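Have the sequence and the coordinates open as you read.

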Amino acid sequence: MQIKSAEFILSSCSNEKCPRTSCPEYAFIGRSNVGKSSLINMLVDKKNLAKTSSTPGKTQMINHFFINEGWYIADLPGYGYAKASKDQRSKWDKVSRGYLHKRQNLLTTFVLVDSRLVPQQIDIDFMEWMGEKEIPFIVVFTKTDKLNHSEISQNIEHYKTIMKDFWEELPRFIMTSAENKAGKEEILDFIEKTNKEYEEFKK
Ligand code: GTP
Ligand code: MG
């Protein structure tokens with residue numbers, strides 16, 4: 001899919017304040033600093049559409065972007081920022097989990113995990129929560145430019161081994177890098193196909 005337009009629409013502090021729309025929507029979520037905003041910019045070929053930062057916790061609101069005048073991307077606040085206060089963390093829970101739970105037009109969520117790290121409990125727990133709530137998601141490994149092939153497959157195997165305890169069928173995994181654009185086609189193809197299915201379903 002070619003990206004012809006991508007514009008920032010709105011920052012919202014709750015699901016109720018998000019744009020009212022029935023257009024298909026895709027959310028990006030993951031630990032603070034995992035590379036959510038960078039991945040969004042890479043997908044839409046814009047350097048600064050979503051604000052990125054080397055300081056974790058940059059995205060604290062739900063940011064909506066309207067793509068090709070037909071579908072939305074939502075950049076969600078990151079979880080698991082060690083320096084966040086208890087108050088901030090429960091606010092995160094309310095904002096992001098509330099959104100994920102209630103957003104009617106949300107078709108798929110991309111759960112980002114850092115490909116350089118061994119499986120993190122916080123990510124495993126979050127995916128299990130998604131499973132319990134039956135919210136469809138894809139696991140996206142970020143920053144793969146930092147590793148060689150064997151390191152990446154080792155980490156993925158590690159994830160799969162752990163996840164098999166909980167999941168009867170594992171979710172889809174996609175390898176990405178905002179640096180070298182790995183995974184771009186795969187994600188955009190998925191979105192294109194899902195948009196079409198949604199159109200058919202609405203008819
Ligand atoms: P919060 O909004 O704070 O939760 O962070 P985020 O998940 O949106 O991360 P962001 O995109 O701001 O990126 C965090 C840091 O990781 C920045 O310094 C990015 O340059 C770096 N980064 C993101 N993606 C990649 C990648 O694919 N490769 C490399 N090498 N660095 C990346
Ligand atoms: Mg961000």
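## Buried rings

A residue counts as buried here when its relative accessible area is under 20%. Keep in mind that this is a predicted model. With that cut-off, Tyr-26 is buried, and so is Trp-71.

How many aromatic pairs turn up in the whole structure? The search finds 14. Take Tyr-26 and Trp-71: their ring centres are 5.8 Å apart and their planes sit at 85 degrees, so this pair is edge-to-face. It also links distant parts of the chain, with Tyr-26 in strand S2 and Trp-71 in strand S4 (residues 71–75), 45 residues apart. Phe-137 and Trp-167 make another edge-to-face pair, at 5.5 Å centre to centre and 70 degrees between the planes. Here Phe-137 belongs to strand S6 and Trp-167 to the loop between H4 and S7, 30 residues apart. Phe-137 has 10% relative accessibility and counts as buried; Trp-167, with 16%, is buried too.

## Salt bridges

Side chains of opposite charge can pair when their charged atoms come close. The count for this model comes to eight salt bridges. One of them joins Arg-31 and Asp-123, whose closest N and O atoms are 3.5 Å apart. Arg-31 lies in the loop between strand S2 (25–30) and helix H1 (36–44), while Asp-123 is in helix H3 (residues 121–132), so this pair ties together parts that are 92 residues apart in sequence. Are these two partners buried or exposed? Both Arg-31 and Asp-123 are buried.

Asp-45 and Lys-184 form a salt bridge as well, with 2.8 Å between the closest N and O atoms. That one spans 139 residues, from Asp-45 in the loop between H1 and strand S3 (62–67) to Lys-184 in helix H5 (residues 184–202). Lys-184 is buried, at 12% relative accessible area. Then there's Glu-197 with Lys-193, where the closest N and O atoms are 3.9 Å apart. These two are four residues apart in helix H5, so about one helical turn separates them. Glu-197 is partly exposed at 44% relative accessibility, and Lys-193 is partly exposed at 47%. Elsewhere, salt bridges that share partners join Asp-45, Lys-181 and Lys-184 into one network.

## Helix H4 and its two faces

Helix H4 (residues 149–163) has 15 residues, which at 1.5 Å a residue should span 21 Å; the end C-alpha atoms are 21 Å apart, so the two values agree. At the start of H4, a side-chain oxygen of Asn-148 comes to within 3.2 Å of the backbone nitrogen of Ser-150.

Which residues of H4 are buried? They are Ile-152, Asn-155, Ile-156, Tyr-159 and Met-163. Because they cover an arc of only 95 degrees around the axis, they lie on the same side of H4. The cover over these buried residues includes strand S5 (106–114), H3, strand S6 (137–142) and strand S7 (173–175). Turn to the face pointing away from the buried side and you'll find the exposed residues Gln-154 and Thr-161.

Ser-96 sits in helix H2 (residues 86–102). Its relative accessibility is 0%, so Ser-96 counts as buried. Leaving out neighbours within four places in sequence, Ser-96 is in contact with Ile-29, Leu-76 and Pro-77.

Leu-10 is found in strand S1 (residues 6–12). With a relative accessible area of 32%, Leu-10 is partly exposed. What does Leu-10 touch, not counting residues up to four places away in sequence? The list is Lys-17, Cys-18, Pro-19, Ile-62, Asn-63 and His-64. As for Asn-105, it is 95 residues from Leu-10 in sequence and 16 Å from it in space, C-alpha to C-alpha.

Note on methods
Residues are numbered from 1 along each chain as its sequence is written. Chains are lettered from A and ligands numbered from 1 in the order in which they are written. This is a predicted model: local features need pLDDT of at least 70, side-chain atom pairs count only at pLDDT 80 or more; totals for chains, interfaces and linings use all residues. Side-chain values use heavy atoms; hydrogens and water are left out. Buried means under 20% relative accessible area, exposed over 50%, partly exposed in between (1.4 Å probe, protein chains only). Contact means heavy atoms within 4.5 Å. A salt bridge is a side-chain nitrogen of Lys or Arg within 4 Å of a carboxyl oxygen of Asp or Glu. The expected span of a helix is 1.5 Å times one less than its number of residues. The arc is that of the directions from the helix axis to the C-beta atoms. A polar contact is a pair of N or O atoms within 3.5 Å; within protein, one must be able to donate a hydrogen and the other to accept it, and residues adjacent in sequence count only if both atoms are side-chain atoms. Rings of Phe, Tyr and Trp (its six-membered ring) pair if their centres lie within 6.5 Å; planes under 30 degrees apart count as stacked, over 60 as edge-to-face and the rest as tilted.
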